[in-house]
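Work through the exercises below with the sequence and the 3D view at hand. Try each task before reading its solution.

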Amino acid sequence: MVYQYEYPRPMVTVDIVVLRYYDDELQLLLINRKHPPFVNHWALPGGYIQMDETTYEAAQRELQEETSLNTELLFPILVADDPERDPRGRTISHVYCVLLPPPFPEVTAGDDAGGIRWFSLSNLPELAFDHKQVFDRAIEELRFHLTVRLKIIALLDEIFPVKMLFNLLENIGFPPTLGVNTLNRCLKLNILEKTEGDLYRKMIDEDQLFNLGSRTLLQE
């Protein structure tokens with residue numbers, strides 16, 4: 001089908017922010033670009049949307065093609081629409097996020113990527129396009145989700161010590177005092193359930209274990 005419009009049309013793309021919590025650090029998955037622009041620069045996985053797919057379907061496809069990750073745990077987090085964001089022309093990107101829980105699957109770079117690697121947030125390389133700004137905005141959105149919908153908890157393993165939750169919160173810039181409030185709220189919402197001991201001791205004992213009740217609640 002041929003489409004003709006009176007007005008200029010921007011290109012539509014998707015980018016995916018993939019995060020995991022590993023070795024007491026929040027880590028971001030990046031690919032090394034094999035083709036111009038920004039050859040040999042690190043970037044978020046992503047690409048152009050096809051005419052017969054939704055942005056969600058495009059994000060799933062691009063993630064699988066570029067990283068070998070096959071997951072339904074994608075949720076939209078922001079739209080990147082700076083007119084100067086792509087030297088190839090006007091591009092609007094629908095940005096999705098994946099909070100990858102353990103056990104972590106192996107990732108493999110696709111044919112159009114020169115490499116793939118997990119990076120600690122404290123050691124991010126220079127990123128292609130506007131991906132650093134996109135990532136910074138995504139972290140801000142995750143802070144909002146943490147306060148409102150607690151999505152960030154999905155990064156934790158099924159059984160985890162309280163100190164792991166506190167470390168995770170500190171990784172995205174929250175003060176330690178927020179950990180107690182978040183823990184208390186998770187318990188009240190039945191997102192977390194205690195495994196042993198009384199509630200008060202769990203809130204102050206960083207080695208107390210908690211069980212993640214229903215991970216699906218965190219992905220709604």
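A residue counts as buried when its relative accessible area is under 20%, as exposed when it is over 50%, and as partly exposed in between. The model used here is predicted.

**Exercise 1. Salt bridges around Arg61**

Task: Is Arg61 buried or exposed? Which residues are linked with Arg61 in a network of salt bridges?

Solution: 
- Step 1. The relative accessible area of Arg61 is 17%, which is under the 20% limit, so Arg61 is buried.
- Step 2. Arg61 forms a salt bridge with Glu62, and their closest N and O atoms are 3.1 Å apart. Glu62 has a relative accessible area of 7% and is therefore buried.
- Step 3. Arg61 also meets Glu65 in a salt bridge, with an N to O distance of 3.4 Å. Glu65 and Arg61 are four residues apart in helix 1, so about one helical turn separates them. Glu65 has 40% relative accessibility and so counts as partly exposed.
- Step 4. The network of salt bridges links Glu53, Arg61, Glu62 and Glu65.
- Step 5. Such pairs can form because side chains of opposite charge can pair when their charged atoms come close.

**Exercise 2. A salt bridge between distant parts of the chain**

Task: How many salt bridges does a search of the whole structure find? Where in the chain are Arg85 and Asp130?

Solution: 
- Step 1. Searching the whole structure gives eight salt bridges.
- Step 2. One of them joins the side chains of Arg85 and Asp130, at 2.8 Å from N to O.
- Step 3. This pair links distant parts of the chain, as the two residues are 45 residues apart. Arg85 is in the loop between strand 5 (74-80) and strand 6, while Asp130 is in the loop between strand 7 and helix 2 (131-148).
- Step 4. Arg85 has a relative accessible area of 7%, so it is buried. Asp130, at 13% relative accessibility, also counts as buried.

**Exercise 3. Helix 4**

Task: What span should the 12 residues of helix 4 have at 1.5 Å a residue? Which residues of helix 4 are buried?

Solution: 
- Step 1. Helix 4 covers residues 177-188. The expected span is 1.5 Å times one less than the number of residues.
- Step 2. The buried residues of helix 4 are Gly179, Thr182, Leu183, Cys186 and Leu187. They cover an arc of only 135 degrees around the axis, so they lie on the same side of helix 4.
- Step 3. Thr177, Asn181 and Lys188 are exposed, on the face of helix 4 turned away from its buried side.
- Step 4. Just after helix 4 comes Asn190, with a positive phi of about 65 degrees.

**Exercise 4. Backbone geometry in the loops**

Task: Which residue does a cis peptide bond join to Pro36? What is the phi of Asp23?

Solution: 
- Step 1. Pro36 is joined to Pro37 by a cis peptide bond with an omega of about -5 degrees. Pro37 sits in the loop between strand 2 and strand 3 (42-43).
- Step 2. Pro102 and Pro103 are also joined by a cis peptide bond, with omega about -5 degrees. Pro103 belongs to the loop between strand 6 (91-100) and strand 7 (113-120).
- Step 3. Asp23 is not a glycine, yet its phi is positive, at about 55 degrees. Asp23 lies in the loop between strand 1 and strand 2, and its 61% relative accessibility makes it exposed.
- Step 4. Asp24 is found in the loop between strand 1 and strand 2. Asp24 has a positive phi of about 65 degrees, although it is not a glycine, and at 46% relative accessibility it counts as partly exposed.

**Exercise 5. The largest pocket**

Task: What volume does the largest pocket have? Which residues of its lining are the closest to its centre?

Solution: 
- Step 1. The volume of the largest pocket is about 340 Å³.
- Step 2. The pocket is lined by 21 residues, and the closest to its centre are Arg33, Gly46, Gly47, Arg88 and Phe129.
- Step 3. At least two lining residues come from each of strand 1 (11-22), strand 2 (25-33), strand 4 (46-48) and helix 1 (55-67).
- Step 4. By class, the lining has nine charged, six polar and six nonpolar residues.

Technical notes. Residues numbered from 1 in each chain as written. Predicted model: local features only at pLDDT ≥ 70, side-chain atom pairs only at ≥ 80, totals over all residues. Heavy atoms only, no water. Buried < 20%, exposed > 50% of the residue type's maximum accessible area, 1.4 Å probe, protein only. Arc of directions from axis to C-beta. 1 Å grid on protein atoms, 1.4 Å probe; cavity = no way out; pocket = protein on both sides within 12 Å on 5 of 7 lines; lining within 4 Å. Points joined across faces, edges and corners; volume = space filled by probe spheres on them. Nonpolar A, V, L, I, M, F, W, Y, C, P; charged D, E, K, R; others polar. Salt bridge = Lys/Arg side-chain N within 4 Å of Asp/Glu carboxyl O.
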